[in-house]
Amino acid sequence: MNYSIETNPLETLKSDCLIVGIYSNQQLSSAAKIIDDATNGLLTSIVARDDIAGNIDDTLLLNVIPNSAIKRVLLVGLGKQKPLTAKNYRKVIAAAINAVKKLRFTSVVVSLTDCDVEKVDVTWKTRQIVEVFDDAVYQFTVCKTKPVDELMLTNVAITTHEYQASEAKIGLAQGLAIAEGVAFAKHLADLPANICTPTFLAQQALALSGNFDTLDTTILDVADMEKLGMGSLLAVARGSLEPAKLIILEYRGGDKNSKPIVLIGKGLTFDSGGISLKDGAGMDEMKYDMCGGAAVLGTLQAAAQLNLPLNIVGLVPASENMPDGCANKPGDILTSMSGKTIEVLNTDAEGRLILCDTLTYAKRFQPEVVIDLATLTGAVLVALGRVPSGLLGNDDALCNDLIAASETANDSVWRLPLWEEYQEQLKSNFADLANIGGKDAGTITAACFLANFAEDFRWAHLDIAGTAWRTGVTKGATGRPVPLLTQYLLNRANA
Ligand code: BES
Ligand code: MN
Ligand code: ZN
């Protein structure tokens, strides 16, 4: 879709539909007032008839506008006449795009930056329109042979006052970068595991860096990883016919000497559980076990598109976790790249096994901070459901920065403790540590395992098993936490 910023008077704009807000006390927004004046009080009369209550989620399409050049108006409820919360503002935008996306409009004008929203500016409001619109029109179609409901909408004009146009344009650029990063991550994640293999992910990273002078990709193959002593990562891959890859993306937008932010994404392209095989029900969703890796690619794309003045390294360990005669077995003891030995008590706790060697590898970049994102535990769904991602880390300032970014980005996180008491649960009789910590506090013990490999730098871990995709009838990837990470990077760039 093409988005533009429009500063000309609303009533003069040509489009298939003008989108304006009204409050639940029948008050018109300032944009709605302009349209009301231009249509001889049409909106006032419709509202007086009680045809729309004006609550959040309400919409009403006026598809005949007598004696006017305006073709159609979509009224969207804004709720009570007071500043909207950020969440409600996004709901309003979602209601608007959901009301028009099935209609055969090719162009709309969105006037919703005129709403008052708590604690935000026009940049933020513009950005949300782009993000929410793009999210709502995303479709995964590449594997369908019959035509799907084709989106007709191609042009979205976002109106602002002239004096706010430059702020809105910044919001537009940020919104596009985030929305495109999200769409890229969603697409990779929605692809089935027979297409999206470790090799395919590596090719996607190479193709991505081909689009930007500032971005380089290096792929380590199994032999390279053997030389590095990545015994833990390679053990996970051993049961699969697909060779493992370690994808290294290097974005150089900052000073030569400025230390990079390292993002590590779990790229497990299919998690069967291995010899500790998972239940059959819902196992298809384990194609999503590479959502962390996909989000790293999406975030680097966004950073490169925005030309952020930072150095960023993306690391994606990519592998399948499958059972066969070569596979990792419960009781096996692995030697990780760090030298620490690991007793594999459950082959389904494989994410931490590929991440630990990647964390050790991250040290060579002398990172400013390291953030890993992984669909790591089912336990995070028990603890937090599908609303926030779990956040754990060894550095309060980094965790607080991520919490602040998550609030701006509407991509929530909730911090869980990473106290040393939990390390007890990872003791092994035979090796330096076990790869599982028993049934209590599964998300925390998984992060505690990783913490053993992140002792030399500031590190945070995002458990995205509850947030990276939706299950049920709307099954599909969400692209989270691309918005959060991009906001974190934007904040770093502005610091
Ligand atoms: N990829 C899964 C985590 C997962 C499970 C994400 C369900 C989303 C839904 C991970 O590799 C895994 O299997 N974790 C195990 C760990 C356990 C064996 C300690 C889990 O959560 O069951
Ligand atoms: Mn697993
Ligand atoms: Zn997994």
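1. Helices α10 and α13 cross in a right-handed sense, where a crossing is called right-handed if the near helix is turned clockwise from the far one by less than a right angle, and left-handed if anticlockwise. Helix α10 covers residues 351-362, and its axis makes an angle of about 30 degrees with that of α13, the two axes being 9 Å apart. The pair is therefore roughly parallel, given that angles under 35 degrees count as roughly parallel, over 145 as roughly antiparallel, 65 to 115 as roughly perpendicular and the rest as oblique. Axes here are lines fitted to C-alpha atoms, for helices over the stretch in contact, and angles run from 0 to 180 degrees between N-to-C directions.

2. On the provenance of these values, the model is predicted, with local features requiring pLDDT of at least 70 and side-chain atom pairs counted only at pLDDT 80 or more, while totals for chains, interfaces and linings use all residues. Residues are numbered from 1 along each chain as its sequence is written, chains are lettered from A and ligands numbered from 1 in the order in which they are written, and side-chain values use heavy atoms, with hydrogens and water left out.

3. Helix α9 (residues 291-305) packs against α14 (residues 482-494) at an angle of about 40 degrees, with their axes 9 Å apart, which makes α9 oblique to α14. Their crossing is right-handed. The contact is formed by Ala295, Gly298, Thr299, Ala302 and Ala303 from α9 with Val482, Leu485, Thr486 and Leu489 from α14, a set of 6 nonpolar, 3 polar and no charged residues.

4. A search of the whole structure returns 1 cavity of 30 Å³ or more, and the largest cavity contains about 30 Å³ of space. Its lining consists of Ala185, Lys186, Ala189, Cys291, Ala294, Ala468, Ala477, Gly479 and Arg480, with α5 (165-190) and α9 being the elements that give two or more residues. Helix α5 gives the most, with 3 residues, and the lining as a whole comprises 6 nonpolar, 1 polar and 2 charged residues. On a 1 Å grid over the protein atoms alone, a cavity is a set of points where a 1.4 Å probe fits but cannot get out, and a pocket is an open set with protein on both sides within 12 Å along at least five of seven lines; lining residues have an atom within 4 Å of a point. Grid points are joined across faces, edges and corners, and a volume is the space filled by probe spheres set on the points.

Note on methods:
Helices (H or I, at least four residues) and strands (E, at least two) are DSSP runs, numbered from the N terminus. Contact means heavy atoms within 4.5 Å. Ala, Val, Leu, Ile, Met, Phe, Trp, Tyr, Cys and Pro count as nonpolar, Asp, Glu, Lys and Arg as charged, and the others, Gly among them, as polar.
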